[in-house]
Amino acid sequence: MIAVFLTSLALVTIDFTPGFSPVSVEGYEGLVVPLDHLMKGPVTLQQNDPKLIQRIISQYLHHPSDAPYNLHSTNDDPSMGQSEMIRNILGDQVNNGGVFVECGALDGEIRSNTLVFEKKYGWRGVLIEGDPKNFELVKQKNRKAWTVNACLSTQPYPNTVMFKQQFNIGKISNLVTGEKHKGYSEVQCLPFYSVLLALNITTVDYFSLDVEGSELNVLRTIPWDKVNIKTMSVEFIHGVEGKEALKKYVMDQGYKVYSEVTNKGGLANDFIFYKNDMVPWKQRDSLV
């Protein structure tokens, strides 16, 4: 049975004032909104639908930890080189604070591209991890970032998928949801833009995207005219359309390639992108 509730959008107001606290959606406090069938897809919800934003705030956003870090290593930068390239682009601006988004976050420490920005430079951000087992590990690290136990949707609306649970190589599968499969978990996927709106941000200084082959489809869901993502590291090795298709798509959105980060052990295969209107710090001396 599908329940249909009519609401007056005139009663719904959202404060999009720049900031980093979740927005407040008036009129929905304590109200059970029948969104379960919509959250599974393919019935579409607009990425900025107030009911979707409120669902993300109430069920998927976990507050930054106030407890001391619980990290296995004292290394502030466990990244495989991606964070260094981002710092080469930003230069002294890295000290001015910033906002990061990292998906997939794995356990919040191993090869994290954002830990150094949070721990050393005081940036704020959000860690997104689809695998429920990995997400529990993320929570144990006591990161000072928001955390979300969901995958980023490959469609411009929320949907559920069967997620292959295999630690650092877990990924979205083609298996049908609603059935049990060993080694898989049914996971909610949320649009990237919707997560940003739930956090009341549209400017991201660094977006780290490593989702084992779904990167291009995730990027295609982003309304680029509504967000300002300054720099990105995007894994390219597993995409079915190939490395060049990913590169071309991002460049067509107004970005340049700063470098590629690779690792002999296969632990890094990323493009580093920056917006066309930026001048990377490491190149500025040559332009003077």
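Arg 111 is partly exposed, with a relative accessible area of 25%; buried means under 20% relative accessible area, exposed over 50%, and partly exposed in between, with a 1.4 Å probe and protein chains only. This is a predicted model, in which local features need pLDDT of at least 70 and side-chain atom pairs count only at pLDDT 80 or more, while totals for chains, interfaces and linings use all residues. Residues are numbered from 1 along each chain as its sequence is written, and side-chain values use heavy atoms, with hydrogens and water left out.

Arg 111 sits in the loop between β2 and α4; helices (H or I, at least four residues) and strands (E, at least two) are DSSP runs, numbered from the N terminus. Its phi is near 55°, a positive value in a residue other than glycine. Gly 104 lies in the loop between β2 (99-103) and α4 (115-119), and the peptide bond from Cys 103 to Gly 104 is cis, with omega near -5°. Most residues other than glycine have a negative phi, and most peptide bonds are trans.

Asn 200 also has a positive phi, near 65°. This residue is in the loop between α6 (192-198) and β9 (203-209), and it is buried, at 10% relative accessible area.

Cys 151 and Cys 189 form a disulfide, with their sulfur atoms 1.9 Å apart; a disulfide is a pair of cysteine sulfur atoms within 2.5 Å. Because Cys 151 lies in strand β5 (residues 151-152) and Cys 189 in strand β8 (residues 184-190), the pair ties together parts that are 38 residues apart in sequence. Both Cys 151 and Cys 189 are buried. Cys 103 is in no disulfide, and the nearest cysteine sulfur, that of Cys 151, is 7.7 Å away.
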